[in-house]
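Morning, everyone. I'll take a few minutes on charged pairs and then on the core. Have a look at the model first.

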Amino acid sequence: MTKGEYRVGINFNPSADDMVSKIKRAAADLIDLIEAIPVPTADEQHRMEVMRLKALAQTHIEDAAMW
């Protein structure tokens, strides 16, 4: 299970709604794509900012998938 699949609960769909499954798949894939963005290692401040922005984007995708 990928990070994105875990975060959106890819297998949780009690209503078995196909649209819910499609939204969760798209959200999981986008979270995984963001996870693949490289984090720089040279500048600590820049590294921390990239990590913060990646986490923030992933959190908003999780929220969007739920609503």
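Start in helix H2, residues 18-35. Aspartate 29 and arginine 25 both sit in this helix. They are 4 residues apart, about one turn of the helix. Their side chains form a salt bridge, with the closest N and O atoms 2.9 Å apart. Keep in mind that this is a predicted model.

Buried would need a value under 20%, and exposed a value over 50%.

Next, helix H3. Glutamate 44 and arginine 47 both lie in H3. The spacing here is 3 residues, again about one turn of the helix. Glutamate 44 forms a salt bridge with arginine 47, and the closest N and O atoms are 2.9 Å apart. Glutamate 44 counts as partly exposed, at 45% relative accessibility. Arginine 47 is partly exposed as well, with a relative accessible area of 23%.

Some of these bridges share partners. Glu5, Arg25 and Asp29 are joined into one network that way.

Now a pair that spans the chain. Arginine 7 and glutamate 62 meet through their side chains in a salt bridge, 3.0 Å from N to O. Which parts of the chain does this pair link? Arginine 7 is in helix H1, residues 3-8, and glutamate 62 is in helix H3, residues 44-66. Arginine 7 is partly exposed, with a relative accessible area of 30%.

How many salt bridges does a search of the whole structure find? The count is 7.

On to the nonpolar side. The largest nonpolar core has 8 residues. They are Val8, Ile10, Ala27, Ala28, Ile31, Ile34, Ile61 and Ala65. Which elements give two or more residues to this core? Those are H2 and H3. H2 gives the most, with 4 residues.

Let me finish on one member of that core, isoleucine 34. Set aside its neighbours within four places in sequence. Isoleucine 34 is then in contact with Lys54, Ala57, Gln58 and Ile61.

Terms used:
Residues numbered from 1 in each chain as written. Predicted model: local features only at pLDDT ≥ 70, side-chain atom pairs only at ≥ 80, totals over all residues. Heavy atoms only, no water. Salt bridge = Lys/Arg side-chain N within 4 Å of Asp/Glu carboxyl O. Buried < 20%, exposed > 50% of the residue type's maximum accessible area, 1.4 Å probe, protein only. Core = buried A, V, L, I, M, F, W, Y, C linked by side-chain atoms within 4.5 Å. Contact = heavy atoms within 4.5 Å.
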